Amino acid sequence: AHGANDDVWPTSRRKLERLVATGTPNRCFLYYTANSGEVAPGRFSRVGDGHNMESLLLNDCLPRLIDAALAPEGPEVHMVRTWRHQRSHERLEAEQWLGLHPK
């Protein structure tokens with residue numbers, strides 16, 4: 001796990017992806033939070049994590065990452081599958097009405 005705004009150990013996403021690529025296929029997962037594009041000079045609609053990784057406390061992310069490390073289907077599949085459970089019932093209904101039917 002790493003954030004784009006880490007001021008203690010600043011590391012580019014490219015370097016992190018190279019590190020993860022050295023691991024066993026389908027057993028590694030890079031949880032990376034980045035800034036969105038700028039909506040105004042110096043303003044972002046979404047701000048990536050700093051060193052303290054605040055996003056791990058949101059939406060049960062830390063327990064999901066721990067579960068992902070142990071998931072038989074692999075960490076990436078587990079995270080994608082469990083993201084769906086974080087959406088509201090209203091949003092899921094709207095997505096279904098729009099024709100989204102993820103398997």
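Predicted model: local features only at pLDDT ≥ 70, side-chain atom pairs only at ≥ 80, totals over all residues.
Residues are numbered from 1 along each chain as its sequence is written, and side-chain values rest on heavy atoms, without hydrogens and water.

The protein contains four helices and four strands, taken as DSSP runs (H or I, at least four residues, for helices; E, at least two, for strands) and numbered from the N terminus. Their order along the sequence is β-α-β-β-β-α-α-α. Along the principal axes, the C-alpha atoms fill a box of roughly 45 × 40 × 20 Å. The accessible surface (Shrake-Rupley method, 1.4 Å probe) amounts to about 7900 Å², with 56% belonging to carbon and sulfur atoms. Of the contacts (heavy atoms within 4.5 Å) between residues at least 6 apart in sequence, 46% join residues at least 24 apart.

Helix H2 spans residues 61-70, and its residues Cys61, Arg64, Leu65 and Ala68 are buried. Viewed down the axis of H2, the buried residues fall within an arc of 100 degrees and therefore line one face of the helix; the arc is that of the directions from the helix axis to the C-beta atoms. Ala69 and Leu70, on the other side of H2, are exposed. The cover over the buried residues of H2 includes helix H3 (75-83).

Note on methods: Buried < 20%, exposed > 50% of the residue type's maximum accessible area, 1.4 Å probe, protein only.
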